[in-house]
Amino acid sequence: MAKTLFEKIWDAHVVDEQDGRSLLYIDRHLVHEVTSPQAFDGLRMNKRKVRRPDLTFATMDHNVPTTNRSLPIVDQTSAMQIQALERSCKEFGIQLFDINSPDQGIVHVIGPELGITLPGATIVCGDSHTSTQGAFGALAFGIGTSDVEHVLATQCIWMEKPKTFEIKIEGKRKNPHAVTAKDIILSIIKEIGTGGGVGCVFEYKGEVVSELSLEQRMTICNMSIEGGARAGLVAPDEKTFEYLRGRRYIPKNYDEYVEYWKENLKTDSGAKFDKSFTIHTDEILPQVSWGTNPAMTADVTGRVPFAQEYAKGNLEEEKAANRALQYMGLKPGTLITDITIDRVFIGSCTNSRLEDLIEASKVVKGKRISPKVQAMIVPGSQNVKRQAEEIGLDKIFKDAGFEWRESGCSMCLGMNPDILATDERCASTSNRNFEGRQGVGGRTHLVSPVMAAAASIYGHFVDVREMDLN
Amino acid sequence: MEPFRTVRSVATPLDKINVDTDQIVPKQFLKLIQKTGFGKHLFFDWRFEKDGKPRRDFVLNDPQYRNSRILLTGDNFGCGSSREHAVWALQDYGFGVIISTSFADIFYSNCLKNGVLPIKVRQQTLQKLFETKSEIEVDLENQLIKLEDTKIPFEIESHWKKILLQGLDDIEITLKHEDKISKYEGSQANTKFQIS
């Protein structure tokens, strides 16, 4: 029978089936400091061990400061969580990339970077953006702390089989430097809504997906969860195999695996998906979110909508949009390009990899940021930071007036000192514009790295297509 | 886990869609390393003014819902972050049942893992429940939401029903299948993902 890529990976990992749910084997478990302490405590209380410490990797990313790492951490509760992870990793024999490691970084950035992420593997982490790693053709998804404990103890997880949802990305982008992977995924979420993928795993297909780099595919898969899907997949291809070749944790006889993956990791022709959606990239423009969920997004050439116009007759949506407009301090009808900003954040597991920084640097090179704007770059990992410095990106950004920080999740969720003040407005390359996400009362506009960089220069949103990006 | 018992109370109507877990428990409270005590942080930014006073216009501060154990809410509840702290906060506050038209996947699973019952109903049913002012009863054994004048059946996966009613430990259940896990680990299917 013809199978989808998801079904092939799923079927290959079922250990047992009972009462309509499956026990799924997990090949890679990534752990960070915020969602794991209670799980390790659970193990201790029940005198259980970590079944496969060799398949478990940990780092600290959510609440690490992005300022000078040689100084002690000021926030005592953050320091406690970081110390708790150090203790647990030592006690249970887990490889930890700690705050001083040259490999430290956002868990979804370092997984692929170190070759921990592999095609066809099942990967979990106590973080919803684990979906990022589906860009490699892995079945990767976020789990809660109880499941973190469950995977630590058993290397398995109980799950009901999700439905399949194909997302075809077709057409030809006229200006791929200005209309990025971020604009594609925001456009998809705008159409299907934040609950559109609930109960499903996405598979992104189509000619545009093949053209995208792995870093761009990661941006798209990352925000699958913002469209409600627990995971998003892209079938691996030559680009995937080349990206991973030579990385630290890939299998020794890599070429044999590549042969196997080429043969097996694709959706068969004739395989049926439960749902399908097609987006034509010819029509996509740079996107700017105006509301408090990622579906509340507009074209840069557009205006902030009226709640009624956005809701299209849905009263619940209308109420939500009214509240969002009020929270965001925006008047319907305002041109997106008339929205002024106070802060710029380029970083997060969505957009903090080397290619994101290279693209953003093209916008700011030789320019100065607006005197009204405070802007920062937070590389996704220490490896990204080093590579960027080797090609002089740090200098370009610093000369333009940006702060150049250490790696971590930073202002994407503001668990460390990087937060917005009340009413501050931020152009952010992160993934969530929820109320208070970047700081109580802070206002987040989700954009691509080039759009964020352009806004930093002008102090308001601008159509980045009008700038020279070559 | 405590076995799930029949819940009877008025239902708190939180009439919003797409409530994300950042709202249920904001990030400043995720630094605790235990599972208890999150109730006072539930819906923190919606529930309290900046000076810490309860906001009069927020439904949890309405005295008639003070002892409510059932939360009614709109579509796609619990979307966003996977933080299980959201469920720990709802449970610690006193909610044992959450009724909506749909739930985000990770949140749904997090609820069940903690013995909180998420019930999916149709829009029409949710509307009726929103209009109900008297106490309602949630009977998991018989899969019924009981109102004064009617009984509404609901669906739940059979294994979750069993786990909730008996208060079973999921890890304990899985460890009974350890032979199968070991067999899988030794099989061809898995060997290609071993770290070499």
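This is a predicted model: local features need pLDDT of at least 70, side-chain atom pairs count only at pLDDT 80 or more; totals for chains, interfaces and linings use all residues.
Chain A contains 16 helices and 19 strands. Its radius of gyration is 21 Å, close to the 23 Å that the globule rule gives for 470 residues, and chain A is therefore as compact as a globular protein of that length. Along the principal axes, the C-alpha atoms of chain A fill a box of roughly 55 × 55 × 45 Å. Of the 470 residues in chain A, 59% are buried. When contacts in chain A between residues at least 6 apart in sequence are considered, 77% join residues at least 24 apart.

Two domains are assigned in chain A, domain 1 (5-276) and domain 2 (287-466). The C-alpha centres of domain 1 of chain A and domain 2 of chain A are 24 Å apart. To the contact between them, domain 1 of chain A contributes 39 residues and domain 2 of chain A contributes 37 residues. On the side of domain 1 of chain A that touches domain 2 of chain A, two or more residues come from each of helix H4 (107-113), helix H6 (181-192) and helix H8 (214-222) of chain A. The greatest contribution to this side, six residues, is made by H6(A). By class, the residues on this side of domain 1 of chain A comprise eleven nonpolar, 19 polar and nine charged.

The largest nonpolar core has 193 residues. The residues with the most contacts inside this core are A:Leu139, A:Cys156, A:Val344, A:Met451, A:Ala452, B:Ile70 and B:Leu90. Because domain 1 (5-276) and domain 2 (287-466) of chain A both give residues to this core, the core lies between them. In chain B, B:Leu90 touches B:Ile24, B:Leu42, B:Leu71, B:Phe95, B:Ile98 and B:Val116, with residues up to four places away in sequence left out of the count.

The contact between the two chains takes 63 residues from chain A and 48 residues from chain B. On the side of chain B that touches chain A, at least two residues are supplied by each of helix H1 (21-24), helix H4 (105-113), helix H6 (158-166), helix H7 (170-175), helix H8 (178-186) and helix H9 (188-191) of chain B. H4(B) provides the largest share of this side, five residues. In terms of residue class, the side of chain B that touches chain A consists of 14 nonpolar, 18 polar and 16 charged residues.

Terms used
Residues are numbered from 1 along each chain as its sequence is written. Chains are lettered from A and ligands numbered from 1 in the order in which they are written. Two residues are in contact if their C-beta atoms, placed from the backbone, lie within 7 Å. Helices (H or I, at least four residues) and strands (E, at least two) are DSSP runs, numbered from the N terminus. Ala, Val, Leu, Ile, Met, Phe, Trp, Tyr, Cys and Pro count as nonpolar, Asp, Glu, Lys and Arg as charged, and the others, Gly among them, as polar. The radius of gyration is taken over C-alpha atoms; the globule rule is 2.2 Å times the number of residues to the power 0.38. A residue is buried if 20 or more other C-beta atoms lie within 10 Å of its own, exposed if 12 or fewer, and partly exposed in between; C-beta atoms are placed from the backbone. Domain bounds come from an automatic or database domain assignment. A nonpolar core is a set of buried Ala, Val, Leu, Ile, Met, Phe, Trp, Tyr and Cys residues joined through C-beta atoms within 7 Å.
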